[in-house]
Amino acid sequence: MRYWPRQTHREMREQLGVFALGHGDAEERATVRSHLNKCATCRAELDELAKVVARLAAVNPANLGHV
Ligand SMILES: [Zn+2]
C-alpha cells in the first residue's frame, strides 16, 4: 500500500467536503476519486462527510416553517 504524506491528506480532506457536496470541477473530482481508490482513510472520511451532508440536507429551510 502506498504511503500518502500527511500534507496530501490535508489537501484531500478539504477536497472531500467539496466532493461530498457534489461540487468541484471535473479535474478536482478526478483527483479526489483517484486518491480514494488508494486511500482507505479518506474513504472512511468521505463516509462520515456523506452522513453529515445527508443530515444537513434533512435540515432544509423549507421544512423549518412546519416545526
Ligand atoms: Zn487519504
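A nonpolar core is taken here as a set of buried Ala, Val, Leu, Ile, Met, Phe, Trp, Tyr and Cys residues joined through C-beta atoms within 7 Å, a residue being buried if 20 or more other C-beta atoms lie within 10 Å of its own, exposed if 12 or fewer, and partly exposed in between, with C-beta atoms placed from the backbone. The model is predicted, and local features need pLDDT of at least 70, side-chain atom pairs count only at pLDDT 80 or more, and totals for chains, interfaces and linings use all residues. Residues are numbered from 1 along each chain as its sequence is written.

The largest nonpolar core comprises 7 residues, namely Met12, Leu16, Phe19, Ala20, Val32, Cys42 and Leu46. At least two residues of this core come from each of α1 (6-20) and α3 (40-58), helices being DSSP runs of H or I of at least four residues, numbered from the N terminus. The largest contribution to this core, 4 residues, is that of α1.

Helices α1 and α3 pack with their axes 9 Å apart and at an angle of about 35°, where axes are lines fitted to C-alpha atoms over the stretch in contact and angles run from 0 to 180 degrees between N-to-C directions. Residues in contact have C-beta atoms, placed from the backbone, within 7 Å; apart from its neighbours within four places in sequence, Leu16 has such contacts with Val32, Cys42, Glu45, Leu46 and Leu49.

Gln15, also found in helix α1, is partly exposed, with 18 other C-beta atoms within 10 Å. Beyond its neighbours within four places in sequence, Gln15 is in contact with Gly24, Glu28 and Val32.

Technical notes. Two residues are in contact if their C-beta atoms, placed from the backbone, lie within 7 Å.
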